[in-house]
Amino acid sequence: MSTSVALHASSLERHETASTREPAWVKAALITVALTFFAVFLLLPLGTVFAEGLRKGWGAYLAALINRDAWDAIKLTLITAAIAVPFNLVFGVAAAWLIAKFEFPGKRLLITFIDLPFSVSPVISGLIFVLLFGAQGWFGPWLQAHDIRIIFAVPGIVLATIFVTFPFVARELIPLMEAQGSEEEEAAVVLGASGWQVFWYATLPKIKWGLLYGVILCNARAMGEFGAVSVVSGHIRGQTNTMPLYVEILYNEYNYAAAFAVASLLALLAIVTLALKTLVEKQTRRQLQEITEKSGE
Amino acid sequence: MASLRRFSPLPGFGLAMGYTLVYLALIVIIPLTAVGTKTLTMGWDAFWAAVSSPRVVASYQLSFGASLLAAAINVVFGLIFAWVLVRYHFPGRGLIDSLVDLPFALPTAVAGIALATIYSENGPIGKVLEPRGIEIAYTPNGVLLALVFIGLPFVVRTVQPVLADLEKEVEEAAAGLGASGWQTFCRIILPHIAPALLTGFAMAFARAVGEYGSVIFIAGNMPMVSEITPLLIITKLEQYDYAGATAVASVMLIFSFLLLLIINGLQGWMQNRHAKGS
Amino acid sequence: MSIAIRHISKQFGAFKALDDVSIDIPSGELVALLGPSGCGKTTLLRIIAGLDFADQGQILLEGDDASARHVRDRQVGFVFQHYALFRHMTIADNVAFGLRVKPRRERLADAEIQRRVKRLLELVQLDWLANRYPSQLSGGQRQRIALARALAVEPKVLLLDEPFGALDAKVRKELRRWLRQLHDEIHVTSVFVTHDQEEALEVSDRVVVINKGKVEQIGTPESVYDHPATPFVANFLGSVNLFHGRVEDGHLHLGEHALALGAQGGSEGKAVAFVRPHEFDIVPGWGAGGGLPATIARVVSVGPSAQIELSRLDGELIEVTVARDVFHLLGFSEGDQVSLCPRHIRVFQAEALAA
C-alpha cells in the first residue's frame with residue numbers, strides 16, 4: 001500500500017489560468033489551512049524529537065547514544081536491514097521481471113498476494129512468526145529439541161522485518177517496468193545478448209532509479225519497524241533490541257531525553273530517506289517523460 | 001510452465017516464476033496460513049468467546065471507529081494538501097511536497113513518543129488545550145490524532161497525480177460555459193477525483209486499523225476505553241493466550257483482506273476511467 | 001538469405017491475427033508488408049524474427065526450418081518502431097552492442113569492433129555522432145543509428161517495423177529514398193512493415209498487401225497498383241472512385257447509364273467497379289462519347305494537377321484528376337455539364353467486396 005508516485009510522468013504541478021482561478025481569499029485560506037496543518041502535524045513532531053533529545057544538552061545527548069545498549073540496538077538495526085533489504089531486493093526484481101515481461105494466467109492474483117503484507121497489521125506480522133516458531137508453534141518443539149532460537153531472538157526479528165518490507169521493491173518496479181515496455185530488451189535479444197546481458201545492459205539502466213527508490217523505502221521501514229519486531233523480540237536488552245524497541249524501553253523508563261536522542265537518529269534516517277526519495281522521484285519523472293515523449297511522437 | 005504463458009523471446013520466465021512463488025510462499029503465504037490453522041483448532045465456541053468478549057468488542061469499536069473518523073478527516077485535509085500542492089505556487093511548496101511523506105518514513109515509535117509528548121499536559125499543545133478542558137493524550141482523542149497523522153500521505157499521494165492529470169482545458173471549457181468556480185469543482189473536478197479520494201480513504205483506513213507504534217504511546221491503553229485491537233493482541237500474547245490472540249488476529253486479517261480486495265477494485269476502476277479518458 | 005513463410009496462423013485469444021499466411025521472399029529483395037493497422041503485419045514480422053511464435057506454420061530461412069530456432073540464432077536484424085536504442089549508451093556503444101555481447105571465443109578484437117562501428121556509422125552517414133547519446137539525436141538520426149546497430153551483426157535478413165512511422169513528413173521522404181539506396185548498396189534481404197501505401201510503393205521491390213490477417217495480393221508496386229486482385233487492394237492503394245452496379249453483356253450498368261467494359265469484360269451480375277481519379281477523360285456535354293453525365297462541382301487547381309469534384313445526376317460525388325495544363329486547355333469551369341469516360345475500369349463481383 002505504498003503510494004507509488006514514480007509512475008506519473010506528467011509534472012505533479014499545474015498552475016491555474018485566468019479562467020480557472022479561484023478567488024484570492026479561497027486560495028489564501030486553502031494555503032493557510034495546509035500550512036497550519038503541515039506545521040502542527042508534521043513539522044512539530046519532527047522538531048519535538050530533536051528538541052526533546054537535546055533538552056539536557058549535547059553532553060547528555062551524546063551520552064545517550066554512546067553507550068553499550070544504544071550501540072547494540074544500532075548494530076542490530078543495521079544487521080536486520082542489511083539482511084532484509086537484499087532479500088527483498090532480489091525478490092522484487094524477480095517478481096517485477098515476471099509480472100512486467102510475461103503474460104500468464106493468475107497475474108492479478110499474484111500482485112494481490114505480493115501486496116498482502118502491506119495490509120496486515122504489524123502486530124499480526126509478528127504474531128504469525130510466533131505461531132510458527134514460538135514454543136507452542138508448529139516448529140516450536142522441533143526447534144527446542146535442536147536448541148535453535150528464532151522467536152525472542154535475532155532470526156525472528158529479521159524474519160518479521162522481511163515480511164513487513166516484503167512488497168516495497170516489487171511495488172515500485174512493477175508499474176515502472178510495465179510502463180517502460182520491452183522494446184530495448186527485445187532489441188538486445190535480437191542482437192544476441194544472453195539472459196543476464198539483457199538484464200544488465202537493457203533493463204537495469206532503465207530501472208535503476210525506481211530500484212533505488214524501492215530500496216530506500218524498504219530500508220527505512222526495515223530500520224524503523226516497531227510493531228512486528230516488538231512481538232517477536234522478547235525485549236532482551238543488548239540482544240534483541242532494535243533502535244525503535246530501545247526507544248520504547250527508554251521512554252517507558254521515563255528516560256525521555258535518552259529516548260528522544262535515539263529517536264532523533266531514526267528521525268534523521270527519515271529525513272535522509274525523504275531527501276533521497278525527492279531526488280529519485282525527479283529522476284524517474286524525467287525518465288518517464290522521455291518515454292511518453294517518445295511514444296507520443 | 002511454458003504452456004502456461006504466451007510466448008516471449010525474453011529469458012528468465014521459469015527462474016523468475018520459481019523464485020517468486022517459492023519466496024512468496026515461504027515468507028508470506030505459509031506464515032499467514034498459521035493464523036488460519038491455529039484458529040481452526042480452537043473450536044467455534046472458544047473462538048466466539050475470544051472474539052466477542054466485551055473488552056475485545058470495545059477495542060474493535062475504538063480501532064474501527066477512530067480509523068474511520070481519521071480516514072474521513074484525512075480525505076478533507078488530504079484533498080486540501082493535494083489541491084494546494086498541485087495548483088498553487090507559494091514559498092515552502094517543495095518542502096511540504098517532500099515532507100508529506102514523513103508519516104511513511106518516520107518510524108512509528110518515534111512518531112508515537114513525539115505526539116505523546118506534544119499533547120500531554122506539559123507539551124506545547126497539551127499545555128494550551130488541557131486547561132481549556134480538551135484532553136488529547138491518553139484518551140481516545142489521542143488515538144484519533146495518531147491515526148490522522150499516519151493516514152495523511154495516503155490520501156494526498158493518491159489524489160495528487162489525478163488532480164494534476166485533469167486537463168486545464170476541461171475546467172476552462174466549464175468556465176466558458178458559464179459555470180462558477182464552485183460548480184466547476186462539484187460537477188467537473190470532484191467526479192474526476194472521486195475514485196482517487198475513495199481509494200485514499202480506504203488505504204488510510206486500512207493502515208489505521210492495523211496501526212500500533214504511533215498509537216500506543218499516546219493512547220493511554222485503558223481497557224474498554226482507549227485500548228486498540230492490535231494492542232489487545234499483544235496483551236493476550238504476553239499472557240500466553242496464543243489462541244485468543246490468534247482469534248482476534250484472524251478477525252482483523254479477514255477484515256484487512258476484504259479491504260485489500262476493495263482497494264484493488266477501486267484501483268482497477270481508477271485505471272479504467274483513466275484509460276477511457278485518454 | 002531467402003525467407004519462406006508457410007501457412008502461418010496466429011491467434012490472440014479470440015482474435016485471428018494471422019490466418020494461413022504464405023509468402024516467398026527471394027534473397028536480396030526489399031519487400032513491404034502493407035496493410036491497415038491491426039491487420040497482423042507487425043505480428044508477422046515479429047514471427048519471422050522469432051520475437052513471437054506462430055500457432056501453426058513454418059518459417060524457412062534459406063530453406064531451413066527456423067520455426068524452433070531462438071531469435072538469437074536466426075541471424076536477423078530488427079529495427080524497432082521506436083528504435084529501442086539503449087539510452088544510457090553512446091551511439092558508438094549502441095552500434096557495437098551486438099558485437100560485444102558475443103561469447104568470448106566468437107568475439108572480435110576490440111580494435112576490430114571499433115573499426116567496424118566506424119564503418120557502419122559512415123555507411124549511415126552519422127560517424128560524427130559517435131560519442132553522443134540517443135537523447136541528443138533527432139528522430140531521423142535515431143532511426144539510422146538503429147539500422148546501423150541492426151546491421152552490425154551482419155544479419156542475413158533485415159526486418160524493419162514501421163521504420164518511418166514516427167517521423168515527420170519531410171524526414172520520412174528523405175529517409176525513404178536513403179533506405180532504398182542503402183539496400184541497393186548492401187543487398188541484404190529486407191522486409192519492412194508499413195501502413196503507408198505511398199511508402200510501400202516507392203521503396204519496395206515487391207509489396208505484400210495484408211488485410212485482417214490474410215494476404216490479399218503479392219506483386220511489384222506497379223502490378224498491385226495497376227492490377228489489384230481484390231476490391232480491398234483497389235481501395236487501399238491510392239484513391240479510387242467506387243461504383244455499384246450490374247454487369248450485363250459487357251457493360252456496367254449504373255442506374256440509367258451503361259459504361260462499356262471493353263475487352264476485359266466482367267462476370268455477369270451485381271458488381272463493384274473502381275476507377276482511379278486520373279483514369280477519366282472529360283468530354284464537354286452530357287451523353288457525349290457514351291460517358292457518365294456529371295456536373296463540375298468544385299475545382300482545386302493547385303500544384304501540378306487539378307482536382308475536380310463532380311456530382312453525378314443522382315448526387316454521388318466523383319473525383320477526377322487531370323494535369324493542370326490539360327485542364328486549362330479544356331477550359332472547364334464550375335457548373336459545366338460534362339461526360340466522364342473511364343479509360344480503365346476494374347470490376348469485381350459485389351460478393352467479393354462483402355467478403
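Mentor: Let's begin with C:R343, which is partly exposed, with a relative accessible area of 48%. (Buried means under 20% relative accessible area, exposed means over 50%, and partly exposed is in between, using a 1.4 Å probe and protein chains only.) Before going on, keep in mind that this is a predicted model: local features need pLDDT of at least 70 and side-chain atom pairs count only at pLDDT 80 or more, while totals for chains, interfaces and linings use all residues. Residues are numbered from 1 along each chain as its sequence is written, chains are lettered from A and ligands numbered from 1 in the order in which they are written, and side-chain values use heavy atoms, leaving out hydrogens and water.

The partner of C:R343 is C:D281, and their side chains meet in a salt bridge at 2.7 Å, N to O. (That term needs a side-chain nitrogen of Lys or Arg within 4 Å of a carboxyl oxygen of Asp or Glu.) This pair links distant parts of the chain, 62 residues apart: C:D281 is in strand 15 (residues 280-284), and C:R343 is in the loop between strand 19 (337-342) and strand 20 (346-349). Helices (H or I, at least four residues) and strands (E, at least two) are DSSP runs, numbered from the N terminus. C:D281 is partly exposed too, at 36% relative accessibility.

Now look at C:R180 and C:D205, whose side chains form a salt bridge at 3.0 Å, N to O. C:R180 sits in helix 5 (residues 169-186) and C:D205 in the loop between helix 6 (197-203) and strand 9 (206-211), so the pair ties together parts that are 25 residues apart in sequence. Here C:R180 counts as buried at 19%, whereas C:D205 is partly exposed at 26%. There's also a network of salt bridges in chain C, linking C:R172, C:K173, C:R176, C:D196, C:E198 and C:E202.

Stepping back, chain C has 10 helices and 20 strands, and 50% of its 355 residues are buried. Its charges number 40 positive and 45 negative, with mean positions 10 Å apart. (Lys and Arg count as positive, Asp and Glu as negative; His and the chain ends are not counted. The place of a charge is NZ of Lys, CZ of Arg, CG of Asp or CD of Glu.)

Chain A has an example of its own: A:E103 and A:K107 meet at 3.5 Å, N to O. A:K107 is buried at 11%, and A:E103 is partly exposed at 43%. Over all chains, the search finds 40 salt bridges.

What about between chain B and chain A? The count there is 1 salt bridge, and the side chains of A:K277 and B:D101 meet in a salt bridge at 2.5 Å, N to O. The contact itself takes 106 residues from chain B and 97 from chain A, where contact means heavy atoms within 4.5 Å. The two chains bury about 9,200 Å² between them, 77% of it on carbon and sulfur atoms. (Buried area is the accessible area, with a 1.4 Å probe, that two parts lose on being put together, summed over both.) On chain B's side, B:L10, B:Y23 and B:Y88 supply 7% of the area buried against chain A, more than any other three residues. Chain B itself has 13 helices and 0 strands.
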